[in-house]
Amino acid sequence: MSRKPDRRIKKTKASLHQAFYELLKKKNYSDITVKELAEEADITRKTFYLHYNTLDDLLREFMAERYERLQKPMEDMDLFSEDFDYFAFFTHLYDLFLENHDLIKKLMDDQNSRYVMQRVMDENENLNFERTKVHFDLRPEILRIYFRYYTRGISGTFLEWFTNPDAIPLEEFVDTVRNINLQMRDALLKYRI
């Protein structure tokens, strides 16, 4: 039987996450120190190290929580369904990214945080792959190529569009991605169980 996390631990971590977020609004990730984070969170450095080994560990947890919030509404969506609502999907992504625009931009521009963010994305991609592979009669190594191409293509094109959404209206972007995805979906559906 798993135990609930101690309320003090949850409170301390929430305080650290909030302090981390506040510092990220003011400066680059690479410029944040454990000392100033602890001061901002009103804890000691020793308390920080009770919960995390490094700032990268905190960033990883911080990003994983945000990624989970991003994924939650999409868990029941079937990207390979005929009636998949691309507009709702990308509007959801857009709203979440817009809500965190400055933070995402700052983290994407920082080499150290980009590495940690990529690891979080890789972990989530692996988790989603494991959930998806049971629906296909295709060698996992081959399906992994399709899946990676598909997920990284979507995320890459979305991030590129998000940096300059005025260049192409959301509706036109969604139509373009839908057309590309339908071709990929049709190729994969031959192997769907």
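Q: How many salt bridges does the structure hold?
A: The model is a predicted one. Side chains of opposite charge can pair when their charged atoms come close. Here a pair counts when a side-chain nitrogen of Lys or Arg is within 4 Å of a carboxyl oxygen of Asp or Glu. The number of salt bridges in the structure is ten.

Q: Which parts does the salt bridge between Lys-13 and Glu-61 tie together, and how many residues apart in sequence are they?
A: The side chains of Lys-13 and Glu-61 meet with an N to O distance of 3.0 Å. Lys-13 belongs to helix α1 (residues 7-26) and Glu-61 to helix α4 (residues 55-71), so the pair ties together parts whose separation in sequence is 48 residues.

Q: Are Lys-13 and Glu-61 buried, exposed or partly exposed?
A: Buried means under 20% relative accessible area and exposed means over 50%, with partly exposed in between. Lys-13 has a relative accessible area of 23%, and Glu-61 stands at 22%. Lys-13 is therefore partly exposed, and Glu-61 also counts as partly exposed.

Q: What separates Glu-22 from Lys-25 along helix α1?
A: The side chains of Glu-22 and Lys-25 form a salt bridge at 3.3 Å, N to O. Glu-22 is partly exposed at 22% relative accessibility, and Lys-25 is partly exposed at 48%. The two are three residues apart in helix α1, so their separation is about one helical turn.

Q: In which helix do Glu-130 and Lys-133 lie, and what separates them?
A: A salt bridge joins the side chains of Glu-130 and Lys-133 at 3.0 Å, N to O. Glu-130 has a relative accessible area of 40% and Lys-133 one of 30%. Because they are three residues apart, about one helical turn separates them, and the helix is α7 (residues 111-133).

Q: Why do the buried residues of α6 line one face of the helix?
A: Helix α6 (residues 101-109) has Leu-103, Ile-104, Lys-106 and Leu-107 as its buried residues. Seen down the helix axis, these buried residues line one face because they fall within an arc of 165 degrees.

Q: Which exposed residues does the face of α6 turned away from its buried side carry?
A: The buried side of α6 is made up of Leu-103, Ile-104, Lys-106 and Leu-107. The face turned away from that side carries the exposed residues Asp-102 and Asp-109.

Q: Are α6 and α7 parallel, oblique or perpendicular to each other?
A: The axes of α6 and α7 come within 5 Å and cross at roughly 105 degrees. The contact uses Lys-106, Leu-107, Met-108 and Asp-109 of α6 with Gln-111, Ser-113, Arg-114 and Met-117 of α7. Angles of 65 to 115 degrees count as roughly perpendicular. The two helices are therefore roughly perpendicular.

Q: What is the orientation of α5 and α8 to each other, and what is the handedness of their crossing?
A: Helix α5 (residues 86-99) and helix α8 (residues 140-163) pack with axes 11 Å apart at an angle of about 55 degrees. Residues making the contact include Phe-89, Phe-90 and Leu-93 of α5 and Tyr-150, Ile-154 and Phe-158 of α8. The helices are therefore oblique to each other, and the crossing is right-handed.

Q: How many helices and strands does the protein chain have?
A: From the N terminus on, its elements run α-α-α-α-α-α-α-α-α. The secondary structure comes to nine helices and zero strands.

Note on methods
Residues are numbered from 1 along each chain as its sequence is written. This is a predicted model: local features need pLDDT of at least 70, side-chain atom pairs count only at pLDDT 80 or more; totals for chains, interfaces and linings use all residues. Side-chain values use heavy atoms; hydrogens and water are left out. Buried means under 20% relative accessible area, exposed over 50%, partly exposed in between (1.4 Å probe, protein chains only). Helices (H or I, at least four residues) and strands (E, at least two) are DSSP runs, numbered from the N terminus. The arc is that of the directions from the helix axis to the C-beta atoms. Axes are lines fitted to C-alpha atoms, for helices over the stretch in contact, and angles run from 0 to 180 degrees between N-to-C directions. Angles under 35 degrees count as roughly parallel, over 145 as roughly antiparallel, 65 to 115 as roughly perpendicular and the rest as oblique. A crossing is left-handed if the near helix is turned anticlockwise from the far one by less than a right angle, and right-handed if clockwise. Contact means heavy atoms within 4.5 Å.
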